[in-house]
Amino acid sequence: MSNSSPHVMSAPLVSATDTTTNVASPERLAAGLALLGAQPNRALLSQGLHGIEKENLRVTPAGTLAMTEHPAALGSALTHDALTTDYSEALLEFITGAHAEGADTLEELDTLHRFVYSAISDELLWNQSMPCPLPEEADIPIARYGTSNIGRLKHVYRQGLAVRYGKTMQCIAGIHFNWSLNDALWQRLRDAEPEHARCASIQDYQSARYFALIRNFRRYSWLLMYLFGASPALDAGFVRGAKHTLEALGDHTLYLPYATSLRMSDLGYHNTSAQADLLPNYDDLDSYVNSLARAVSQPYPPYEAIGTQRDGEWVQINTNVLQIENEFYSSIRPKRVARSGERALAALANRGVQYVEVRCLDIDPFEPIGIAESTVRFIDVFLLMCALDDSPRLSPSGLTESSDNFGRVSREGRRPGVTLMREGAEISMRDWADALFERMAPAAALLDSLREDGAHETSLSTQRAKLADVSLTPSARALAALIDSGASFAEFNLAQSQRIADDYRARPLPADVQQRFETLARESLERQAKIEREEVGNFDTFVAAYRAFTLNRYSN
């Protein structure tokens, strides 16, 4: 859509003294919602996309880590579009397509589960973010992707994760939620900006607004930990004898009484010393890309001491702060679909932000697919608010404050009277949450006006009830069910996973759908075989070319 598209509201999105990044503008959210609610933008608002990537450990009927290879019946982990592996050979990853309707995304995820259960014999999917009892660190199998150069590179990257962070942490599972607004909608928003606030191109504007979303997400994502965190306990063996501050719940379970998500606390995913010094700049795309580009090219002495090979075998791609850009852990990432052979960072730099990936959602142990539709509806509202609201830049101290709030809620978000820091001042978590719900209410009403079913406002009410009654949170429910059962973490979650497996196996796919998935699996194996058959060049040369990556900035 060209810049000559008619404005459908009389007031600009920002005042004459505002910019899209720095200056507070209380009216921005209301103006943005008014614009999106006008014809013909309403139809465009319903065309944003949702996708889900969900990790699940495969376990034996006894609840131990499956030591079997990725089942051939599921296809090639290298080339299958919907079923692959993450870190471990036993860590299955489901990848849905992108759908305008969130319920369609969940339906596809459910269908994928039904197919998987037809192909994994008597194994189960561990329906919890924190892992089952694990074997010795050295015995956890790292995912393999065949003999092609790209397949071997994916394996070496995971070897690098093992030497840098250990294998145990890499067995934690979660849900990644991909979200975008329709590209034409960003054009309408840009057209409504005052002339001085418009970026040079729609690509630049879209990227700037996605980074505004990301900054707000960093400020407010502690709320997601309270509402949806579902990992307050773990198997005692997870800590591998290391010092910790967890409390014992019986002989084989550790927990924190007020935790919402141990997965997202410093016990689960957390920055190592190498990443602790890496502070990506979320001011804009260029600053973010440049900070990660430095990290993937800057040597880190402890990793240099390890080296890239042991006894002639590759153990990590390089000795830099990050082997590749995806190694940087963040609760949210800006994303762009990469072309064949293109690095993810180059795709972002060259063509801008296409969508965001929310990475902090625990598997909901009470949901067969790990996430409820009401959760998806709430995240729709939350992200829309983050995208349209004012979003001042985050200083280093602001980033630290946001990270501290996130960590506090992960570890003790259900503690009565818990407080957070907002712009240097202490505030009750409950009061801040209430204020955010008030800001989200108009966004929920707008989304529901497109559907006429009240799903988003109902979700807001459901989630808000958790503020008044902490027992309604998934973390409280999971802990209460665990305690009431009298079982260990491992025993309880094995029983829960078995019940879900039984339900899935009781409703197999229709024959034609089953056959379609079997065909997709077979075709993916054929694609992998073709890649391996037509491989040109040895692996060392391939790695050298990959390591020679430099970020060439250009515009399309």
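The model is predicted: local features need pLDDT of at least 70, side-chain atom pairs count only at pLDDT 80 or more, and totals for chains, interfaces and linings use all residues. Residues are numbered from 1 along each chain as its sequence is written, and side-chain values use heavy atoms, with hydrogens and water left out.

**Aromatic pairs**

Rings of Phe, Tyr and Trp (its six-membered ring) pair if their centres lie within 6.5 Å; planes under 30 degrees apart are stacked, over 60 edge-to-face, and the rest tilted. The count is 14 aromatic pairs.

Helices (H or I, at least four residues) and strands (E, at least two) are DSSP runs, numbered from the N terminus. Phe115 sits in helix α3 (residues 102–117) and Phe517 in helix α18 (residues 511–533), 402 residues apart. Buried means under 20% relative accessible area, exposed over 50%, partly exposed in between (1.4 Å probe, protein chains only). Phe115 is buried at 1%. Phe517 is buried at 6%.

Tyr220 belongs to helix α6 (residues 202–220) and Trp432 to helix α14 (residues 429–449), 212 residues apart. Tyr220 is buried at 12%, and Trp432 is buried at 6%.

Ring pairs also join Phe217, Phe228, Phe378, Phe382 and Phe437 into a cluster.

**Charges over rings**

A charge sits over a ring if NZ of Lys or CZ of Arg is within 6 Å of the ring centre and within 35 degrees of the ring normal. Lys154 lies over the face of Tyr145, 4.8 Å from the ring centre. Arg477 lies over the face of Phe366, at 4.1 Å.

**Helices α14 and α15**

The axes of α14 and helix α15 (residues 455–468) come within 8 Å and cross at roughly 170 degrees. Axes are lines fitted to C-alpha atoms, for helices over the stretch in contact, with angles from 0 to 180 degrees between N-to-C directions. The two helices are roughly antiparallel (an angle over 145 degrees). Contact means heavy atoms within 4.5 Å. Phe437 of α14 and Leu460 of α15 are among the residues that make this contact.

**A loop residue**

Asn320 lies in the loop between β10 (313–314) and β11 (332–335). Asn320 is buried, at 12%. Leaving aside neighbours within four places in sequence, its contacts include Arg164, Tyr300 and Tyr303.

Notes. Angles under 35 degrees count as roughly parallel, over 145 as roughly antiparallel, 65 to 115 as roughly perpendicular and the rest as oblique.
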